[in-house]
Amino acid sequence: MKQNTNLVSKLFGLFLFVAIVFLISFGNRSVVSYANTKEESIKNLPIKTMKEEEAGSKHSLEHARSYLSSKEERTLYDKLYRGLKNGKIEIEITNYGNEIIKNSFDALLYDHPEMFWLINGFDCYGNACSTTISPLLSVDEDQIPVLRRIFNRKVAKILSEMDPAWDDYQKVLYFHDYIVNHCVYDLDAEHEIEEARDEGFLVSDRVFISANAFGCLVNQLAVCEGYSEAMQVLCNAAGIKCIMVAGNGGTHEWNIVYLDGVPYQIDLTWDDPVQATQEETNSHQELLHDYCFLTDEEMYEDHDPETENLPVCNHKENSYYIREQKNR
């Protein structure tokens with residue numbers, strides 16, 4: 001009887017030990033879901049002074065990264081970038097709080113619209129020792145490699161048609177004209193987005209594509225977000241800094257581009273004849289350049305920016321009508 005009592009005691013002790021280990025490993029396990037509109041993500045980027053060490057570095061094109069408020073956020077940003085660039089759908093991290101994860105992820109998507117398969121959101125699950133980030137996707141996971149190859153070939157083809165002697169102005173003007181001439185503004189997607197915003201439901205997968213660079217460059221069908229992301233993708237691929245601006249009550253996006261290091265405002269969507277009146281296009285549906293390389297004063301006559309940390313655009317020497325010596 002005593003032996004049986006000892007055996008029961010040992011078994012109970014073993015069970016108690018296993019239970020404690022389980023609680024330590026999984027007791028704090030949690031799932032955090034985060035989803036946001038891209039306009040909100042852009043507006044809510046942390047406000048701080050750009051780190052001096054970022055200037056002229058390999059991160060010089062990554063505007064949002066330079067405004068992350070801590071080394072931990074920038075380190076996580078880089079880890080997420082490496083994983084997603086290499087095709088990972090789940091990335092394991094350690095010792096990062098939810099706010100750091102959110103800030104790093106938002107900044108990454110803002111700087112890298114070439115990752116068109118990502119939506120502004122992720123699931124985050126794990127425990128005190130390890131966390132797995134699983135970004136939300138705009139396409140099926142098994143389609144991503146094929147779509148990336150199609151997208152990369154398209155970008156490479158567009159860049160291959162540039163003249164190597166062109167300066168930044170000529171390159172960005174070429175991107176502007178190429179996008180406006182080849183992409184059709186997706187009015188159906190715009191209406192669905194407006195309805196989704198009013199009624200509070202998610203848009204369809206097709207609309208997600210029209211709101212990114214793949215929709216603009218490959219499908220040649222996009223809304224303003226797709227136009228601005230496509231411009232950023234092409235500029236960054238050519239080594240030209242370009243950032244996105246959200247505004248007009250969260251309903252519109254455009255860009256700021258750096259020509260030889262000097263920032264200028266540019267709005268491809270509003271230079272698309274689909275967005276112009278018949279009188280403005282002289283009844284010929286020709287592309288416009290009315291929003292091409294403007295100052296803040298000129299752009300903000302009818303644009304209301306909500307993005308923080310924007311550079312001051314006050315130079316006119318590369319304004320389209322001055323550079324081309326044309327009248328409006």
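**Aromatic pairs, a pocket and selected local contacts**

The structure contains 13 aromatic pairs, a pair being two rings of Phe, Tyr or Trp (its six-membered ring) whose centres lie within 6.5 Å, with planes under 30 degrees apart counted as stacked, over 60 as edge-to-face and the rest as tilted. The model is a predicted one, in which local features need pLDDT of at least 70 and side-chain atom pairs count only at pLDDT 80 or more, while totals for chains, interfaces and linings use all residues. Residues are numbered from 1 along each chain as its sequence is written, and side-chain values use heavy atoms, with hydrogens and water left out.

One of the aromatic pairs joins Trp-166 and Tyr-174, which are tilted, with 5.4 Å from centre to centre and 55° between the planes. Trp-166 is partly exposed at 26% relative accessibility, whereas Tyr-174 is buried at 15%, where buried means under 20% relative accessible area, exposed over 50% and partly exposed in between (1.4 Å probe, protein chains only). A further tilted pair is made by Tyr-185 and Tyr-227, with ring centres 6.1 Å apart and planes at 45°. Because Tyr-185 belongs to strand β5 (residues 184–185) and Tyr-227 to helix α10, this pair ties together parts that are 42 residues apart in sequence; helices (H or I, at least four residues) and strands (E, at least two) are DSSP runs, numbered from the N terminus. Tyr-185 is buried, with a relative accessible area of 7%, and Tyr-227 is likewise buried, at 0%.

On a 1 Å grid over the protein atoms alone, a pocket is an open set of points where a 1.4 Å probe fits, with protein on both sides within 12 Å along at least five of seven lines, and lining residues have an atom within 4 Å of a point. The lining comprises 22 residues, of which Tyr-81, Lys-85, His-112, Glu-114 and Met-115 lie nearest the centre of the pocket. Two or more lining residues come from each of α3 (71–85), α5 (144–160) and α10 (224–237), and α3 gives the most, with five.

Helix α4 (residues 98–111) has 14 residues and spans 20 Å from its first C-alpha to its last, close to the 20 Å expected at 1.5 Å a residue, the expected span being 1.5 Å times one less than the number of residues. This helix is mostly covered, with eleven of its 14 residues buried, among them Phe-105, Leu-108, Leu-109 and Tyr-110. The backbone oxygen of Tyr-110 is reached at 3.2 Å by the side chain of Gln-232, a residue of helix α10 that is buried at 1% relative accessibility.

Glu-306 is placed in the loop between α11 (296–299) and α12 (320–323), and the side chain of Glu-306 reaches the backbone nitrogen of Gly-249 at 2.5 Å. The C-alpha atoms of Glu-306 and Gly-247 are separated by 4.8 Å, although these residues are 59 residues apart along the chain. Asn-309, also in the loop between α11 and α12, has a positive phi near 65° and is buried, with a relative accessible area of 16%. A positive phi, near 70°, is likewise found at Phe-293, which lies in strand β10 (residues 292–294) and is buried at 0%.

Key: Polar contact = N/O pair within 3.5 Å; in protein donor to acceptor, adjacent residues only side chain to side chain.
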